[in-house]
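Welcome! Take a look at the structure below, and then we will walk through its rings and its core together.

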Amino acid sequence: SKAQSQAKTRRSKRFLQSRQPKLTEDQKSSMIIRGGNTSQTVSQALKDVYALKKPNAVLYKRKNMVRPFDDSTALEFFSKKSDCSLFLFGSHNKKRPNNLIFGRMFDFHVLDMFELGIERFVSLRDVKTDTCPEGTKPLLVFAGELFETDREHQRLRSLLTDFFCGPRVSAVRLAGLEHVLHFTALEGKIYMRSYKVLLKKSGCRTPRIQLQDMGPSFDFVMRRNHMASDDLYKTAHRQPRGVKPKKKKNISHDAFGTRLGRLHMQKQDLDKLQTRKMKGLRKRRGEQTAETAAAAAKAPRTDE
């Protein structure tokens, strides 16, 4: 490409190649940004979310005079600079106190973002329990009818899933389920809880599951939002042809996951089927079969 031809060193060419589109994209990274005015609650909330997102996150420690809903140019510049497609912006003012904005990018432009106000917050340092190791993939649970029926809550669920899902894996072992993030939607509020999974002895092979409050915990209230149009949202979720698995013909699975295959064969003549040889099935010399008898009956008679 033109950008690669302008690269003067091999290192810069490799860097530009890593930024190019791929069939299988890399792990999504998040940028966590402080606004021009922040409270102690917002600053600590950003640090706690960064602790959950590490190592796939970048924390901007300096204040940035950005208003995402008025002008998103600065966010798009930061996204291109740090190669991050997700962002969390924290701010605080008299009109909207303790404000968090969750958002995501598509082609380095804002796709959608939701503004949530913090009504109650319990930090990681306030809960005196052990935390999960860095980079642990969380188990996401969404409770509430609004996540299934309301369009705004459906988009918010998709955004939160994108933000907190962690690395893509093909399989998860039981001992790897150490962290649970629970989101509840009720009467215009979003309740976020974080738990550590403890595997206790149960007297059988399957352990007993116990949840321990780990923090952080949030009580959010829904505020403003910016959602992409249906056409742009559909374009952002489009997958290239090389990623989609090819459908295999005549193969299906039942309710238990058993793989079933269907074979197409020509119609068989069962009269010529070779069966097991037994003395009782042998033809006798004077015995006529049904075919030989029918052929003899059809043959023309000749008078001497």
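## Charges over rings

Let us begin with Arg-155, which lies over the face of Tyr-233, at 3.8 Å from the ring centre. Arg-224 does likewise with Phe-69, sitting over its face at 4.4 Å from the ring centre. Keep in mind that this is a predicted model.

## Rings that meet

There are 11 aromatic pairs in the structure. Phe-142 counts as partly exposed, at 23% relative accessibility, while Phe-147 is buried, with a relative accessible area of 1%.

Why is the pair of Phe-218 and Phe-220 stacked? Their ring centres are 4.9 Å apart and their planes are at 10°, and planes under 30 degrees apart count as stacked. Both Phe-218 and Phe-220 are buried. One aromatic cluster includes Phe-142, Phe-147, Phe-218 and Phe-220.

## The nonpolar core

The largest nonpolar core has 28 residues, and Leu-100, Phe-102, Phe-164, Phe-218 and Phe-220 touch the most other members. Helix α6 (151–164) and strand β10 (217–226) are among the elements that each supply at least two residues of this core. The most comes from α6, with five residues.

Beyond its neighbours within four places in sequence, Phe-164 is in contact with residues including Val-49, Phe-102, Leu-181 and Met-192. Another core, of 13 residues, lies apart from the largest one, and Met-31 and Cys-84 are among its members.

## The whole protein

Stepping back, the protein has eight helices and 12 strands. Of its 304 residues, 32% count as buried.

How values were computed. Residues numbered from 1 in each chain as written. Predicted model: local features only at pLDDT ≥ 70, side-chain atom pairs only at ≥ 80, totals over all residues. Heavy atoms only, no water. Helix = DSSP H or I, 4+ residues; strand = E, 2+ residues; numbered from the N terminus. Buried < 20%, exposed > 50% of the residue type's maximum accessible area, 1.4 Å probe, protein only. Core = buried A, V, L, I, M, F, W, Y, C linked by side-chain atoms within 4.5 Å. Contact = heavy atoms within 4.5 Å. Phe/Tyr/Trp six-rings, centres within 6.5 Å; stacked < 30°, edge-to-face > 60°. Lys NZ or Arg CZ within 6 Å of the ring centre and 35° of its normal.
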